[in-house]
Amino acid sequence: MQTFNNPALKDLIELAISSGASDIHLSSGTLPALRVHGELNYIKQSVVFTRESLEEFISQILTPAQYERFQRTGDLDFAFTFGLQRFRGSAYKEMRGMSLTFRLVPSIIRSLDELGLPEILKTMAYKHRGLFLATGPTGHGKSSTLAAIIGEINHQRKAHIVTIEDPIEYIHTPALSVIHQREIGNDTENFASGIRHVLRQDPDVIMIGEMRDLETISAAITAAETGHLVFGTLHTQDASQSIERIVDVFPPHQQNQIRLQLSYTLLGICSQQLIPTQGVKGRVCATEILITTPAIRASIREGKVSSIRNSLLTGMSFGMHTMEQDLARWFHEGRISKATAKDFAYDQTELERVINMQM
């Protein structure tokens, strides 16, 4: 648990917790801002923090090694706890001095049912090998989705789970499973190195916080190929784009081989967005679900991205749906407006067609 000398910062954090904020933004010489239900607003009743007060604040949060790394590189991701609330933080230097962004991590790991996610995702917790991806923009619940799946495994299976994160967000308490959580910079050098070493630690399940480069993606595919259940995240939009992104990160001469490996190892993809509701302020999670059927595996091997889209459109019997189909569902249930659905649709023409079909 952290204690802070600056009462204004303590008050701001308590305000963020009580108001249900998802993020806190602090910058030298400007008012702080909170993001609540996706909307960012300055806190006009707060004080303006100086560079010195933010420097003092961050020196209390970070270890000496982390603080030295931040001063040397100008950027640092970290995590800390205030009371019972855990935060994921990012510190960075900028034109006016320095800035901090804190993401509030829910203290309770919510289940897939509580998050309102499709039932098909629960089946991923009971697979014994393969790769499953949660994709979507930053701040749209990918970490919560994977935490819920890991929680399902933890409470229902006797497995050895290893997470590799930057930083550690959700804290899992071992139930039926043995769980080890490793943090980049503190417990292992980087994602790729952490995955290579974890293969010698008798894991059943590996969760990778972010698949951000060739080395990490290659190590994740190898881990899935060698008989492990691997979960990871990508900052990509839809399911088809996620597959293209994985293939494109490799040199051209390796891409056919990667398509082949991916066709065998990929279990599915959940692409998700948090959508503002109408009426009562809040957000719902709209998803696009891809499950790798034999037809999709063939499309991946042959590089036929358009065929993958067609399989998604017609794959409801396998638990699949497109983002437009899910947005249309939320619209017909009265949870989101049509204008909002259009704003978040990958294909507005397709959304209009689906809405009319469901009427």
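Me: What makes helix H11 largely enclosed by the rest of the structure?
Reply: Happy to go through it. Buried means under 20% relative accessible area, with exposed over 50% and partly exposed in between (1.4 Å probe, protein chains only). In helix H11 (residues 323-332), 7 of the 10 residues are buried, so the helix is largely enclosed. Those residues are Met323, Glu324, Gln325, Asp326, Leu327, Ala328 and Trp330. Bear in mind that this is a predicted model, where local features need pLDDT of at least 70, side-chain atom pairs count only at pLDDT 80 or more, and totals for chains, interfaces and linings use all residues. Residues are numbered from 1 along each chain as its sequence is written, and side-chain values use heavy atoms, with hydrogens and water left out.

Me: Which elements do the buried residues of H11 pack against?
Reply: They pack against strand S12 (266-276), strand S13 (283-291), helix H10 (305-313), helix H12 (338-344) and helix H13 (348-358). Contact here means heavy atoms within 4.5 Å. The helices (H or I, at least four residues) and strands (E, at least two) are DSSP runs, numbered from the N terminus.

Me: How do you know that the charged end of arginine 329 sits over the ring of tryptophan 330?
Reply: The definition asks for NZ of Lys or CZ of Arg within 6 Å of the ring centre and within 35 degrees of the ring normal. For arginine 329 the distance to the centre of the tryptophan 330 ring is 4.2 Å, and the charged end counts as sitting over that ring. Lysine 93 also has its charged end over a ring, that of phenylalanine 70, 5.6 Å from the centre.

Me: Why is the pair of phenylalanine 57 and phenylalanine 102 called edge-to-face?
Reply: Rings of Phe, Tyr and Trp (its six-membered ring) pair if their centres lie within 6.5 Å; planes under 30 degrees apart count as stacked, over 60 as edge-to-face and the rest as tilted. The structure holds 7 aromatic pairs. In this one the centres are 5.8 Å apart and the planes stand at 70°, so it is edge-to-face. The pair links distant parts of the chain, 45 residues apart, with phenylalanine 57 in helix H2 (residues 51-61) and phenylalanine 102 in strand S6 (residues 97-105).

Me: Are phenylalanine 57 and phenylalanine 102 buried or exposed?
Reply: Phenylalanine 57 has 2% relative accessibility and therefore counts as buried. Phenylalanine 102, at 0%, counts as buried too.

Me: What makes strand S11 largely enclosed?
Reply: All the counting is simple here: 6 of the 6 residues of strand S11 (residues 229-234) are buried, so the strand is largely enclosed. Leu229, Phe231 and Thr233 point one way, while Val230, Gly232 and Leu234 point the other.

Me: How do you know that S11 pairs with strand S7?
Reply: The two strands share 6 bridges in the parallel sense, S7 spanning residues 130-135. Alanine 134 stands opposite threonine 233 in S11.

Terms used. Two strands pair if DSSP finds at least two bridges between them.
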